[in-house]
Each structure stands twice: as structure tokens, then as C-alpha cells.
Amino acid sequence: MDGNPGDAACEPEGGAVKGVFRLFGEGDELYAEMIRSVRAATQRIFLASYILAADEVGTELLDELMKQSRHGLDVRIHVDALGSSGVLTRLHRRQLRAAGVRLQRFHRWSWRQPMRYNRRDHRKLLVIDGKTAYLGGFNIHREGSRRYYGPKRWRDVHVCFEGPLAAEADALFDAFWCGHPDWSPQSHTIGDSRITPNTTRACRIQLRCSIKDQLAGASDKIWLATPYFVPDRGLRKQLALAARRGVDVRILTTEKTDSTPAQWAARAIYGELLEHGVRIFEYTPRLLHSKVLLVDDAWGSIGTANFDYRSLFINYELTLISTNEALNGQLRNEFVTDLQDASEITGIAWKHRGFIKAVYDTLGLLLRKWL
């Protein structure tokens, strides 16, 4: 391979996790590092993003991708047709293809197959030369940037990693690109970590099964951060059982939201969980978009999947699951920091929230599988 392989690496610095992983909690830092990696690429660049907007943030990245494509690199972009609708226009798509970039839009509307439009590609993944990968909750749009969106930017978390895990991410992207969305590597764990699709040939709900097993075995803590908290009955049961046996169960979701019906559905189950000792917090400064789960001190996950029906049963997702102490320690620190800016929901106050709000919550719960 030509060039210096270290040029594209997510080297630990600043808010880095020492070792293999680096966490990003600010979009501007993430986007700058992604562009640096794109510029250092020598062979191929794979990008998947639910939302890829040709705005101030996206245009800079797209310009670099087109430059690399013109230089002969294999540049592929996979976007969701619905998620990027209206923000990645036909003109932008023509410009990308004219530069040699290969572009796919997942599940475009079809009158012949209208129901498939409900199943989205929700992944956010960038892989450089099969050696460096970025995965997490950040979409590529101005809402993730303090520079362009201001102090109300979305709160999110992304992770960068290298080595065999990045090669696995590279293979997962390629399989999806080639029309095999349920493919997964034979070797599920590399070192202390693995990348888990939510659906595989062997198990249609693999991620959900893995989460359920971890919740059932928790002995100390379950800390969850998610913008859309609409778990199915089985996961709600495991959260309640864990709280009843003395596990510190904390749910951190968002007060500000881009999906009011999803928030109604989440709030409809607050009372049930509060009665069993689950603690629920709503992050107040801005929209919380992080997707992090921590179980005890030994298990953690970060990725693209929300804790809801859509992510666990319908959409295509990718989640990094790890027992790496340094990574999970940093994820815990991020969770504690966000908790300080959240308001706790108490059982007494919740019971007196008002009849109209309760009606909306019930409506959201009825629609929970479609949100």
C-alpha cells in the first residue's frame, strides 16, 4: 500500500480512549477527523449514512470524496432514500456520479413494493482502506455541528477504531452493498470487541437477543442512553426485573425530540418502569441522539441502533459491542456527564401529568411499531 498507513489512523489525542478506540462527542471534531482520514486514503473509501446532507457539513466531505474518486480510488456511498430525501438532491447525486463516485440509495419508493419502504438503512459508517472505521450516532448534517448549528446542536457519540475490527466493518459494508444485508462474519469477536448487525441469516433479531441476555445477567448497573425509548415487552420486563433485584437501572432519553409520537410512546411506559424502581432521566439542553448501553463494568455498546422497535426489529443497524475497559470507562464518563444535565422523572409527578398528556402517550404506544 502506498503512503503512510498512520496518516488515516484515529490516533488517541484530546478526548481519546487510550489504545484502539477514540470517542467523539462533538460533531465538528468528528467531521474534521473523517475528512483527514478521507484525504489519507490510498485504495478505497466506504461511507454509509442514514442522513447525508449536502449542507455546510456534508459538502466539505463530499468534495473530498469526489477528489479521491477522481484520483482513482474506489469510493462508494450508501444512503437511505428516505433519510436523505430532500437533503441530497438529484443535482448532488449527478455531481457525485460524474466524479466517479458509486452511489446507492437504499429502498427507494416503489409502488410495486410499498412495504419495503418502511425498512430503512439506519447505519452510520465510514471505512478507510479497510483499516480505519468510524461508527456511531452522528449523521452527516449541520445538526451535528456547533460551528453551523450553534449551541443547540444534537448531542451524540461516535467511535473510531482500527485493525481487524475495521476490516470487519469493511466486509460488512461490502456485503450490504452487494445485496446481502443479513451477512455477518463467521468470527463474531475480535479481541474484546465485535460489530453486531441487528439482523443475520441465523437470527433476525440478533442484537435484541444479545441485549436481552446482558440485561438478564446484570448484577450491578444498567445504564442506557437513547433518543427513542420504545422497548418491546420482553426488554421492559428485563429492565423491571433487574431493578427489582437491586440493579441500578437508569434510562437517559431526551426531552427535546425530532419525533413527538415516539416520545409519546416512550412516556407511555414510564409509569410501568418507575413502579419497579427503574430511574428515568430526560436530557434537557438539546436533543440527545446518543445510542449507548452499559451493563455492569464489563460490557458496553455504541452504534446506530436506538432502543426501540424500529431499530431492533425493522431497520438495518450496526453496533459495536465491547468488554474493553478503557472504552467502557469513557462511555461511563460520557453518560455521567450527560446525566448532570438531565431532569429525573419521579413517580409522583408522573401520575399527575394530566389527562391530555396521558391520551397522547397512549396514542404513541399504539403506534410504537411504526414510529
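Me: How should I read the accessibility of C178: is C178 buried, partly exposed or exposed?

Reply: This is a predicted model, and the reading is of that model. The general idea is a pair of cut-offs: under 20% relative accessible area is buried, over 50% is exposed, and what lies in between is partly exposed. C178 is at 47% relative accessibility, so C178 counts as partly exposed.

Me: How many disulfides are there in the structure?

Reply: To count, a pair of cysteine sulfur atoms has to lie within 2.5 Å. A search of the whole structure finds zero disulfides. For C203, the nearest cysteine sulfur belongs to C209 and is 3.9 Å away, and C203 is in no disulfide. C203 counts as partly exposed because its relative accessibility is 21%.

Me: Where does C160 lie, and is C160 buried or exposed?

Reply: C160 is found in strand β7, residues 158–162. Its relative accessibility is 0%, so C160 counts as buried. Sequence separation and spatial separation can also be read together here: C160 and V20 are 140 residues apart along the chain, and their C-alpha atoms are separated by 8.3 Å.

Me: What span should helix α2 have, and what is the distance between its end C-alpha atoms?

Reply: The expected span is 1.5 Å times one less than the number of residues. Helix α2, residues 56–70, has 15 residues and should therefore span 21 Å; the end C-alpha atoms are 22 Å apart, which agrees.

Me: What is found at the start of α2, and what follows α2?

Reply: At the start, a side-chain oxygen of D55 comes to within 3.0 Å of the backbone nitrogen of V57. After the helix comes G72, with a positive phi near 100°.

Me: Which residues of α2 are buried, and what covers the buried residues?

Reply: The buried residues of α2 are V57, G58, L61, L62, E64, L65, M66, Q68 and S69. Their cover includes the helices α1 (27–40), α3 (90–98) and α4 (146–149), together with the strands β2 (44–49) and β3 (74–80).

Me: How does helix α7 read when the span check is applied to it?

Reply: Helix α7, residues 233–244, has twelve residues, so at 1.5 Å a residue it should span 16 Å; its end C-alpha atoms are 16 Å apart, which agrees. At its start, a side-chain oxygen of D232 lies within 2.9 Å of the backbone nitrogen of G234. Just after α7, G246 has a positive phi of about 100°. Buried in α7 are G234, L235, R236, Q238, L239, A240, A242 and A243.

Me: How many salt bridges does the structure hold?

Reply: The cut-off is 4 Å between a side-chain nitrogen of Lys or Arg and a carboxyl oxygen of Asp or Glu. The structure holds 23 salt bridges. One of them joins the side chains of R142 and E56, at 3.0 Å from N to O. R142 sits in the loop between β6 (132–136) and α4, and E56 in helix α2, so this pair ties together parts 86 residues apart in sequence. R142 is partly exposed, with a relative accessible area of 27%, and E56 is partly exposed as well, at 35%.

Me: Which residue forms a salt bridge with E64, and where do the two lie?

Reply: The partner of E64 is K67, and the closest N and O atoms are 3.7 Å apart. Both lie in helix α2, three residues apart, about one turn of the helix. E64 is buried, with a relative accessible area of 9%, whereas K67, at 42%, counts as partly exposed.

Me: What does the salt bridge of D80 and R120 tie together?

Reply: The closest N and O atoms of D80 and R120 are 3.0 Å apart. D80 is in strand β3 and R120 in the loop between β4 (102–106) and β5, so the pair ties together parts 40 residues apart in sequence. D80 and R120 are both buried. Elsewhere, salt bridges with shared partners join D74, R76, R102 and D174 into one network.

Me: How should I read K124, which is buried yet has no salt bridge?

Reply: Look for the nearest opposite charge, then for other polar partners. K124 is found in strand β5, residues 124–128. The nearest side chain of opposite charge is that of E317, 5.2 Å away. The K124 side chain does make a polar contact with the side chain of H122, at 3.1 Å. Residues that K124 touches include Y50, Y134, F138, N139, H158, K291 and T304.

Methods:
Residues are numbered from 1 along each chain as its sequence is written. This is a predicted model: local features need pLDDT of at least 70, side-chain atom pairs count only at pLDDT 80 or more; totals for chains, interfaces and linings use all residues. Side-chain values use heavy atoms; hydrogens and water are left out. Helices (H or I, at least four residues) and strands (E, at least two) are DSSP runs, numbered from the N terminus. Buried means under 20% relative accessible area, exposed over 50%, partly exposed in between (1.4 Å probe, protein chains only). Lys and Arg count as positive and Asp and Glu as negative; His and the chain ends are not counted. A polar contact is a pair of N or O atoms within 3.5 Å; within protein, one must be able to donate a hydrogen and the other to accept it, and residues adjacent in sequence count only if both atoms are side-chain atoms. Contact means heavy atoms within 4.5 Å. Lists of a residue's contacts leave out its neighbours within four places in sequence.
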